[in-house]
Amino acid sequence: MALLISGFCLLTVTERVTKAKHIQFLSGVYVPVYWLSALLWDFIIFFITCCLLLGVFKFCQLDIYITDYHFLDTLLIFMLYGWSAIPLMYLLSFLFTRSTSAYIKLVLFNYLSGIFSLLIDATIRFEVQHKMSKATRDFILNLLLLFPNYNLAKCIDDYFTFYQIKKWCSGNKPPVYLNCSKENTAKNVYSLGEKMIGKYMIIMSITGFICLFLLFFLDTTLWKLRTFLSQYVYFGIYKTFKKEKVSKELSGESDDEDVQNERQRILEQPQELPNSAVLIKELIKIYFKYPVILAVKNISVIVQKGECFGLLGFNGAGKTTTFKILTGEETITSGDVFLEQFSITKRLQKVKSRVGYCPQTEALLEYMTGREIMIMYARLWGIAEPQIQLYVNRWLNSMQLELHADKLISTYSGGTKRRLSTAIALMGNTSVILLDEPSTGMDPGARRLLWNAVTWTRERGKAVIITSHRMEECDAFCTRLAIMVQGKFVCLGSPQHLKNKFGNIYILKIKVKTDTQEDKLNDLKFFITLTFPGSVLKNENQEILNYYIPRKDNSWGKVFGILEEAKEQFNLEDYAISQITLEQVFLIFANSENTEEKKKK
């Protein structure tokens with residue numbers, strides 16, 4: 001029984017760790033529905049197993065548990081055990097992050113709790129009964145009632161003993177040591193007396209309800225409690241003892257004009273901005289552990305409907321933490337987030353129903369096929385049943401998943417799983433789409449499909465927020481973006497605006513003819529250095545020279561005119577001038593971050 005009961009933790013751990021459970025909550029599944037449906041399915045499996053076990057009892061001639069309709073009593077005992085033990089396994093599964101580890105440890109827990117609780121019970125009743133007070137003995141025996149395996153064992157044992165005594169007493173010559181009085185044999189086995197099973201069955205019934213209540217609490221009320229403690233207790237204490245650090249690092253003031261203007265605009269206007277899909281207002285997230293981690297340091301931004309907003313930054317910059325807050329996975333330390341005017345701290349369920357989310361890891365149920373999981377999510381989003389097949393086929397086609405649609409997800413490659421995760425995030429009836437590095441593992445063709453799908457989604461009026469390490473992606477379809485460094489926004493604007501603002505250089509690429517002599521090449525280098533003061537030769541590869549030349553006093557026309565005149569003089573085969581790329585703008589801030597870290601060290 002321990003092997004069977006412990007197995008019910010496997011899927012709960014897997015779905016929680018992979019975030020498949022969280023995605024289901026975002027898709028409209030209510031917490032009670034999730035747990036009760038899981039319990040119903042596991043209870044059916046448990047019921048079938050118990051029926052088979054009754055067959056084993058019959059084969060082993062344990063007739064007391066079978067004959068005279070006693071199999072109904074036995075089945076009731078098993079069902080109440082399942083009612084108490086299965087929710088307890090769900091509850092204990094929150095202690096683990098790996099399903100295999102959870103299964104092994106819970107098997108041991110069930111075995112040992114059953115064996116040792118019976119040993120303690122026998123020792124107290126027969127060995128040390130007169131060596132401890134009645135109050136102490138009752139306290140220990142009542143404490144053992146917390147373990148479903150103990151209650152099951154006591155029910156099975158006492159049930160057998162009761163009917164075995166009754167059978168012997170009904171014989172012609174009952175053993176003299178038995179109390180076969182009418183008062184004793186007329187007792188009901190379900191009564192609350194000594195050696196009866198009523199107490200254990202009532203405790204198992206109550207245990208099931210308590211465990212379910214705790215499950216609902218962990219997935220609903222606990223979030224509100226954590227938010228309250230984080231905002232009003234932990235942060236209050238932190239501000240008291242770290243006033244200087246709070247005023248310096250969490251003030252929200254920025255050296256960047258665009259970031260500061262955005263913050264000022266949000267503070268001066270009401271939260272009910274008519275066209276805003278997402279409004280982040282002075283958001284702070286602190287992890288109160290040792291050492292304290294300032295993950296997000298007072299950021300403010302508005303994302304409009306029909307806008308694709310890119311969030312860039314190195315690992316640890318605070319991007320994923322911001323996404324977790326937007327989906328209700330993490331609590332807020334200070335500030336607030338509004339999705340279509342609904343506050344995430346006050347109306348979490350309303351916010352969740354408006355978000356489509358593709359996390360960094362694949363939040364997929366790998367025992368399903370791609371088509372099955374998309375049909376499941378289509379139903380959760382409320383798509384009419386006659387339209388589901390057409391709706392799902394359209395999204396499978398948009399990400400070119402038709403060939404894999406009827407295969408198990410566990411057989412998919414990493415890139416195919418990312419495409420499926422992205423399709424699930426985009427297909428819902430939501431107003432905000434969050435894509436956390438969606439193109440990881442995708443080939444160039446799949447990335448192009450992703451770009452088209454995101455662009456189409458944005459054009460339908462949805463707000464898309466994306467994080468990515470691929471600058472060409474953000475340059476291709478982001479209407480605005482922010483670069484995040486150490487929990488703060490250091491710049492904000494459209495890709496072209498940022499390139500114009502921080503790109504104070506041109507990139508000059510010169511290719512000389514293969515027969516160019518060394519002296520001629522050196523003359524060219526001297527000419528570039530003299531003509532464009534401040535220019536830097538970044539690299540030289542065979543006949544190709546790459547220069548960074550300053551934009552100041554050098555217009556496009558001037559640079560082209562000079563190089564066109566020098567083409568024949570220095571034997572140039574070709575040349576090209578381009579603006580600084582978004583990746584190079586990103587690296588400017590990356591270098592400044594590294595410099596700051598070195599100073600701290």
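1. Gln341 counts as partly exposed, at 32% relative accessibility; in this note, buried means under 20% relative accessible area, exposed over 50%, and partly exposed in between, with a 1.4 Å probe and protein chains only. Gln341 lies in the loop between β4 (334–339) and β5 (342–343). Its phi is near 70°, a positive value in a residue other than glycine. Helices (H or I, at least four residues) and strands (E, at least two) are DSSP runs, numbered from the N terminus.

2. The structure is a predicted model, in which local features need pLDDT of at least 70 and side-chain atom pairs count only at pLDDT 80 or more, while totals for chains, interfaces and linings use all residues. Residues are numbered from 1 along each chain as its sequence is written, and side-chain values use heavy atoms, with hydrogens and water left out.

3. Further backbone points deserve attention. Most residues other than glycine have a negative phi, and most peptide bonds are trans. Gln61, which is not a glycine, has a positive phi of about 60°. Gln61 is found in the loop between α4 (31–59) and α5 (70–92) and is exposed, with a relative accessible area of 65%. Tyr290 and Pro291 are joined by a cis peptide bond with omega of about -10°; Pro291 lies in the loop between β1 (276–287) and β2 (293–304).

4. Helix α17 (residues 385–398) has 14 residues, which should span 20 Å at 1.5 Å a residue; its end C-alpha atoms are 21 Å apart, which agrees. The expected span is 1.5 Å times one less than the number of residues. Just after α17, Gln400 takes a positive phi of about 50°.

5. Which residues of α17 are buried? They are Ile388, Tyr391, Val392, Trp395 and Leu396. Seen down the axis of α17, these buried residues fall within an arc of 135°, so they line one face of the helix; the arc is that of the directions from the helix axis to the C-beta atoms. An α-helix has 3.6 residues a turn, so residues three or four places apart point the same way. On the other side of α17, Pro386, Gln387 and Leu390 are exposed.

6. The cover over the buried residues of α17 includes α16 (370–380), α18 (414–427) and α19 (444–459), where contact means heavy atoms within 4.5 Å. In α18, 13 of the 14 residues are buried, so this helix is largely enclosed by the rest of the structure.
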